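Please keep the sequence and the coordinates at hand while reading.

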Amino acid sequence: MKVNQETTLSTPSFSFQHSILKFITKSYLLIFLCLLVIVCSFISDKFLTFNNLSNILLQNSVISIIALGQLMVVITGGIDLSVGSIAALASVLSASLLGMGVDPIVSIILVMLLMAIAGLGNGLAVTYGKITPFVVTLATLTIYRGLAYIFQVGSLVTIEDRTFLSILAGKTIIGGVYTPVIILLITLGIFIFILRMTTFGRRLYAIGGNSEAARLAGAPINRDIITAYAISGALAGLGGLIMTARLSTGSALYAQGYELDVIAAVVVGGASLMGGKGFALNAVLGAFLIGIIRNILNLTGVASYPQMVIQGLIILVAVLLTTLAARKKA
Amino acid sequence: MKGKKGKVLKVASLFLSCLVILLTGCTPANETSTKQQTTSKNSQTETTPAKAEPAKKKNGEKIVIGFSQRRVAGSDWYTNLIKGAEEEAKRRDVELTVLDAQGDVAKQVSGVEDLIAQNVDAVIMNPQDPSGVIPATTRLNQNDIPLIAVNSNLDAKANAVSFVSDDPRDTGYKTGWELAKAASEKYGDKVIKAAMVSGYPKELVSQYRRNGMISGWTDFMLEKYGKSNLNLVAERFGAWVPDKALPEMQDIGTAHPDLKVVFCMSDTMLPGIYTGLKNTGLNEKVLIGSIDGTKDAIRRILEEPKSGLVVTVSNDPRVQGADAVKMAIDVVQGKQVPSTHYIENPVITSKNAKDMYDPNSSY
């Protein structure tokens, strides 16, 4: 927290050169992303087409939304491995609720609430149960996936409810931009606000940076941590709902291994798994960075195995850059 | 501080009670589904010709069969495999004990030992690992208990009497053939840009199905035009689930706006394929061939010709389970059984989709 306050306080810089350096170290990710886009547009003439850009936005919005929730948990020094399973549970529950004839808007809200409770369970076990977040969410990863399988009626449940589909995966007035992208932007806006402007947001950094100091300063640590997990659960649920609408099918099979994709996005976005560090915008940029690389590899027809290697390397390079930038800042 | 804690707990308990109410509220859905399943069970038994006479041992005793399943949780396919076996056992008045190894070879071995201790007459095994279960199969051999392998391959050392499975190469071949037929009706002998979405790289089922599809396509085209016109522009992997197949399909569609055909390795990935094609403006233009013959795929062929799905080839786990039980009964009764038995895999196209569609089917 101290470090963070210092950096925000010292933002008005003294020289022009200094401020440029500051800009580069602070928004290296944005620069990296821009460079990547330029390189990609040279590699494939399909890359900068309207269709592809619209697809990239759409493809990565789910991961980004879940990544924002994950970021909150990671800032407190925790980790949430159950997000993929929660997304699947949300998918199955929404499909069965709609199948029972429940109003689509009510089902969306209800499912997100339930998933917040699922996250709340994680938080309770972490705080009052005093079990490490990794272990707690590793357990709930199987528990929630198991519940999803239990609730699944038939193999794949087709959803035909127009309202549900158009809210979560419909077209917007802006051509080529679908509702998931708008949902992402709204969520991102809220997150930037919460993490930067609210005392709750600042307390999360404090808890992750030095929980003992935060406790002495009188922060309601347990409540904050539980809230972070609940929000993570709700957003994972939202991601699952969007996935369900996009595929117009509910299934317990969705989002397997998403927890790792999401954590990768958060880490590439510069968050530290030790807690106390990370920005909302960067987490989303991290998700897009990985997504764009996958997209360009697919567009150029790189075979699957080299793709996996390249993706892993990019994650390493990105994290390396992050740590270098952080060292510069310090 | 204490008051706040209490508040949190209160809120938490409130939420939890909501959850409990909701979960219990959800049970009716499950009940109706089980009801549906039972009705489908009824319709199935109705359609099966002649209520089979109960199968007995030569000395008139009831036959007891053990079924060692590698894993159940998380797989609809495995669940239906067991269901098929259980239904057949019930039909023939045979006792069937199913043990779930939960994806663990050691658990499967000890499970089979338990079956031996229960004096079963035959064991059906869907092995977690072809050679890892050899200690268990050796014990079976020592005790003269016949072994039938189902679905997954067993090592030759296991001395299984029979292997009951689908034939992935043949199902693939039939899909490729039908897809080629549909494509030739639409495009003649023009070069066709095609993409393939399978399960996992280097996975046997993916490879067999893929090779089958390509040879089916090629054979059809060779027979009709004397040349092959397949230009396979992309081979991607969707991990057998729709949400993983979706971005792959989207990227393929973006890279190849003139795509004509998609080879999909499993019906479970179809929702991802449809959405991917829709997002790239290729829906209603691309022909799709798939495998598995699930209820939803058959419905699409029947009701939504615009979806582009022209064929799916049946790979019904319930048939596999039932056939395995039939084999086991035959072996116990001393009849000859083939060393490999492939289940029937009828082709489903718009011509027969109506007869093949059962809205109450659990698969």
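1. Conventions. This is a predicted model, in which local features need pLDDT of at least 70 and side-chain atom pairs count only at pLDDT 80 or more, while totals for chains, interfaces and linings use all residues. Residues are numbered from 1 along each chain as its sequence is written, and chains are lettered from A and ligands numbered from 1 in the order in which they are written.

2. Chain B overall. Chain B contains 11 helices and 12 strands, where helices (H or I, at least four residues) and strands (E, at least two) are DSSP runs numbered from the N terminus. Of its 363 residues, 48% are buried. A residue is buried if 20 or more other C-beta atoms lie within 10 Å of its own, exposed if 12 or fewer, and partly exposed in between, with C-beta atoms placed from the backbone. Among contacts in chain B between residues at least 6 apart in sequence, 75% join residues at least 24 apart; a contact requires C-beta atoms, placed from the backbone, within 7 Å.

3. Domains of chain B. The chain is divided into domain 1 (64-165 + 317-343) and domain 2 (168-314), with bounds that come from an automatic or database domain assignment. Between the C-alpha centres of these two domains of chain B the distance is 33 Å.

4. The open sheet. In chain B, 6 strands form an open sheet of mixed pairing, in the order E7-E6-E8-E9-E10-E12; two strands pair if DSSP finds at least two bridges between them. Strand E7 (230-237) and E12 of chain B are the edge strands, each pairing on one side only. E6(B) and E8(B) run parallel and are joined by 4 bridges, with Met196(B) opposite Phe263(B) in E8(B). E8(B) and E9(B) also run parallel, through 3 bridges, and here Phe263(B) stands opposite Gly289(B) in E9(B).

5. Strand E9 of chain B. In E9(B), 6 of the 6 residues are buried. Leu287(B), Gly289(B) and Ile291(B) point one way, Ile288(B), Ser290(B) and Asp292(B) point the other way, and all are buried.

6. Helix H5 of chain B. This helix (residues 168-187) has 20 residues and reaches 28 Å from its first C-alpha to its last, close to the 28 Å expected at 1.5 Å a residue; the expected span is 1.5 Å times one less than the number of residues. Its buried residues include Tyr173(B), Lys174(B), Trp177(B) and Glu178(B). Among the elements covering the buried residues of H5(B) are strand E6 (192-198), helix H6 (204-225) and strand E9 (287-292) of chain B. After H5(B) comes Gly188(B), with a positive phi near 65 degrees.

7. Helix H7 of chain B and Asp251(B). Is H7(B) enclosed or exposed? It is largely enclosed by the rest of the structure, because 14 of its 14 residues are buried. Asp251(B) is placed in H7(B) (residues 242-255) and counts as buried because it has 27 C-beta neighbours inside 10 Å. Leaving aside neighbours within four places in sequence, Asp251(B) is in contact with Asn295(A), Asn298(A) and Leu299(A).

8. Helix H9 of chain A. H9(A) (residues 179-197) has 19 residues and reaches 27 Å from its first C-alpha to its last, close to the 27 Å expected. Thr179(A), Pro180(A), Ile183(A), Leu184(A), Phe191(A) and Leu195(A) are buried in H9(A). Seen down the axis, the buried residues of H9(A) fall within an arc of 135 degrees, so they line one face of the helix; the arc is that of the directions from the helix axis to the C-beta atoms. On the other side of H9(A), Ile186(A), Gly189(A), Phe193(A) and Met197(A) are exposed.

9. Nonpolar cores. A nonpolar core is a set of buried Ala, Val, Leu, Ile, Met, Phe, Trp, Tyr and Cys residues joined through C-beta atoms within 7 Å. The largest has 151 residues, of which Ile66(A), Ala67(A), Ala87(A), Leu89(A), Met115(A), Ala283(A) and Ile273(B) touch the most other members. Helix H12 (residues 221-246) of chain A supplies the largest share of this core, 14 residues. Apart from this core lies another, of 41 residues, among them Phe67(B), Val109(B), Ala160(B) and Val164(B).

Note on methods
Two residues are in contact if their C-beta atoms, placed from the backbone, lie within 7 Å.
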